[in-house]
Amino acid sequence: MAIKDLHDEPFDDSTIAKLEIFEAYAEAWLPTFIMLGSSDICVFDFFAGTGFDKNGVAGSPIRLLEKIQGQKENILKKNVKVHLYLNEFEPNKRKQLKFEQLKAACKAFLEKDDELASHVEMVYCNEDFQELFPKLLPVIQKNPSLVYLDQNGIKFLSPKYFLEFEKTNRTDFLYFVSSSYFWRFGEREEFKMHLDIDIALAKSQGYKFIHRSITQQLRKKLHPDSGLMLYPFSIKKGANIHGIIFGATHPRAVDKFLKIAWQKNKINGDANFDIDDEVGNQQLDFFSPARLSKIDSFKKKVREAVLSGQISNNFQLLSFCYRLGHIGTHGAECLKEMKKNGEVAYDAQSPMVTYDSVYHKTKKQLVDYQVKKK
Ligand SMILES: C[S@@+](CC[C@H](N)C(=O)[O-])C[C@H]1O[C@@H](n2cnc3c(N)ncnc32)[C@H](O)[C@@H]1O
């Protein structure tokens, strides 16, 4: 199957949507590890492209450099070294022109900022991902690492790469997947050898949900005790559905990603379009029952879990939110409504469904929810 080169044309809206999520996550991730005082932190962009598109719009490596630059003050104060690994490889070209463009673009960026350049180690690689990944895996595993895998297609989602992230505990990753290729070609042997997906199951859920479905199926490939959490963000590109899969083991990372995803789409939090047909479609007609929005249907689940005793404090509620791909705010709103209706009581100003209230060393506080009325 021929794959178009992303850099032959200006980036389209779906590429920009992807890049904005990539950079928003870098912006949230960098200060955490810089302020924690880690002496070395690593960022890997395994499919880095050229730096810019045809119109001079920044691609992932330049956006990463901009976000690193945005943290310059903290980087200097904490004396942190950021190691930025950028790989670009054109499988069918003898001359690696894109790699040369990438290096030139990044060098030009850093030449304008000596202070930053002295705290950033640039590691340029020009290798096929499948050869480079095993070489860099020990570096990923040893350091706090943020990994971008902005592949063309689907090939590198293969368990032999993907499952490696299960074994790391300070790695957050964002994978790009051309998910709708599975819909069309997933039954073919050349697809199955990379990733064996139950296509009949995916098709039973509907075309729009192909990226969600692949993410759900990948979760099932993880070890039962795996701490790795995976979240989809579907991106519509014309008739195609692509998407990002975010993965991390630490709840702080999950919290950051979910906040970004719900900021990008306040209705569904997992797509750059109205994936569940929610807009203007709450009640189809006067006679059909009102359809619950994604957030309301989540709140309904929270309410049932609280009334049944399955959730009895803020620690349990936040983990319930994360498990179902919601931000703590949605859980908190539900608890506030329940308190107002006299269904629960808690001895605090708010239901405290935030990362800090549950995980922060000094700010955490357990808040019990007592059911008053069922
Ligand atoms: C989707 S693009 C990445 C775009 C980039 N993130 C940006 O913002 O410009 C994928 C890139 O991976 C490169 N590539 C293709 N096959 C590769 C392989 N086997 N190993 C490494 N890079 C590869 C392509 O040349 C292309 O530039």
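Across which strands does α2 lie, and at about what angle does α2 run to β2?

1. Basis of the note. The structure is a predicted model, in which local features need pLDDT of at least 70 and side-chain atom pairs count only at pLDDT 80 or more, while totals for chains, interfaces and linings use all residues. Residues are numbered from 1 along each chain as its sequence is written, and side-chain values use heavy atoms, with hydrogens and water left out.

2. The sheet. An open sheet of 7 strands has the order β3-β2-β1-β4-β5-β7-β6, with mixed pairing. Its edge strands, β3 (120-125) and β6 (229-237), each pair on one side only. From one strand to the next, the twist averages 10°. Strands (E, at least two residues) and helices (H or I, at least four residues) are DSSP runs, numbered from the N terminus; two strands pair if DSSP finds at least two bridges between them.

3. Strand β4. Strand β4 (residues 145-149) has 5 of its 5 residues buried, so it is largely enclosed by the rest of the structure. Buried means under 20% relative accessible area, exposed over 50%, and partly exposed in between (1.4 Å probe, protein chains only). In a regular strand the side chains alternate between the two faces of the sheet. In β4, Ser145, Val147 and Leu149 point one way, and Leu146 and Tyr148 point the other way.

4. Neighbours of β4. Strand β1 (residues 40-45) pairs with β4 in the parallel sense over 4 bridges, and β4 runs parallel to strand β5 (residues 171-177), joined by 5 bridges. Tyrosine 148 has aspartate 45 as a bridge partner and leucine 174 as its partner in β5. Strand β1 is also joined by 6 bridges to strand β2 (residues 81-87), again running parallel. Aspartate 45 stands opposite leucine 86 in β2.

5. Helix α2 on the sheet. Helix α2 lies across β1, β2, β3 and β4, and runs at about 175° to β2. Axes are lines fitted to C-alpha atoms, for helices over the stretch in contact, and angles run from 0 to 180 degrees between N-to-C directions.

6. Helices α1 and α2. The axes of helix α1 (residues 13-35) and helix α2 (residues 60-70) come within 9 Å and cross at roughly 30°. That makes α1 roughly parallel to α2, a term for angles under 35 degrees. The residues in contact (heavy atoms within 4.5 Å) include Ile16, Leu19 and Phe22 of α1 and Arg63, Leu64 and Ile68 of α2. By class, this contact has 7 nonpolar, 1 polar and 5 charged residues. Ala, Val, Leu, Ile, Met, Phe, Trp, Tyr, Cys and Pro count as nonpolar, Asp, Glu, Lys and Arg as charged, and the others, Gly among them, as polar.

7. The β6-β7 hairpin. Strand β6 pairs with strand β7 (residues 240-248) in the antiparallel sense over 9 bridges. Lysine 237 stands opposite asparagine 240 in β7. The hairpin has 2 residues between the strands, and glycine 238 takes a positive phi near 60°.

8. Positive phi outside glycine. Asparagine 79 has a positive phi of about 50° although it is not a glycine. Asparagine 79 is found in the loop between α3 (72-78) and β2, and is exposed, with a relative accessible area of 54%. Aspartate 277, also not a glycine, has a positive phi of about 50°. Aspartate 277 lies in the loop between α12 (251-264) and α13 (294-307), and is partly exposed, with a relative accessible area of 38%.

Note on methods:
Angles under 35 degrees count as roughly parallel, over 145 as roughly antiparallel, 65 to 115 as roughly perpendicular and the rest as oblique.
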